[in-house]
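Thank you all for coming; I would like to walk you through one structure, slowly and with the caveats included. Please look at the sequence and the model first, and then we will go through the details together.

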Amino acid sequence: MTRPRSVLPALLALGVLAMSAIQLFSSSCFVAPPVNQKQNHAGIAGAAAGFLVSQPAHAGGVFWDEILPYSLSISFAIIWGIILGFVLLRLQEAFPE
């Protein structure tokens with residue numbers, strides 16, 4: 001004979017599902033609607049001004065002084081890590097426990 005299953009976990013799951021559906025489809029929300037559109041334009045104008053003033057990476061020697069050495073060193077470190085990983089794998093195969 002099997003024991004009758006408890007209905008409480010199913011009712012609890014249905015209750016949580018119903019509460020989340022009520023929160024999802026209710027008219028109230030946590031974020032207030034924007035008051036006016038002028039505030040949004042100020043943020044966009046500030047970001048655009050920053051992009052217009054900044055120089056590209058190839059201007060002023062930034063590419064040759066900073067970007068290229070860091071990218072080469074990171075590439076070398078990644079390749080070296082892959083090589084060391086294969087060496088350690090071969091060492092594990094050579095000396096089984």
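How many aromatic pairs does a search of the whole structure find? The search finds two of them, where rings of Phe, Tyr and Trp (its six-membered ring) pair if their centres lie within 6.5 Å, and where planes under 30 degrees apart count as stacked, over 60 as edge-to-face and the rest as tilted.

Residues are numbered from 1 along each chain as its sequence is written, and side-chain values use heavy atoms, with hydrogens and water left out.

As for confidence, pLDDT is the predictor's confidence in each residue, from 0 to 100; its mean over the protein is 82, and 80% of the residues reach 70 or more. Among the elements, helix H2 (residues 38-53) has the lowest mean pLDDT, 73, whereas H3 has the highest, 92. Where pLDDT is low, the predicted coordinates should not be read in detail.

Now to the overall layout. The protein has three helices and zero strands, where helices (H or I, at least four residues) and strands (E, at least two) are DSSP runs, numbered from the N terminus, and the pattern along the sequence reads α-α-α. Helix H1 (residues 8-25) has 18 residues and reaches 26 Å from its first C-alpha to its last, close to the 26 Å expected at 1.5 Å a residue, the expected span being 1.5 Å times one less than the number of residues.

How much of this protein is buried? Buried residues make up 0% of the 97 residues, with buried meaning under 20% relative accessible area, exposed over 50%, and partly exposed in between (1.4 Å probe, protein chains only).

Phe 76 is exposed at 58% relative accessible area, while Trp 80, at 45%, counts as partly exposed. Both belong to a nonpolar surface patch of about 940 Å², whose members also include Ile 79, Ile 83 and Val 87. Val 87 lies in helix H3, residues 62-94, and is partly exposed at 41% relative accessibility.

Finally, we come to charge. Side chains of opposite charge can pair when their charged atoms come close. The count here is one salt bridge, defined as a side-chain nitrogen of Lys or Arg within 4 Å of a carboxyl oxygen of Asp or Glu. Glu 93 forms this bridge with Arg 90, the closest N and O atoms being 3.8 Å apart. Glu 93 is exposed at 52% relative accessibility, and Arg 90 is exposed at 61%.

Methods:
Patch = residues over 30% accessible without salt bridge, like charges linked within 9 Å, V, L, I, M, F, W, Y side chains within 5 Å. Areas by Shrake-Rupley, 256 points an atom, 1.4 Å probe, with all protein chains shown as cover.
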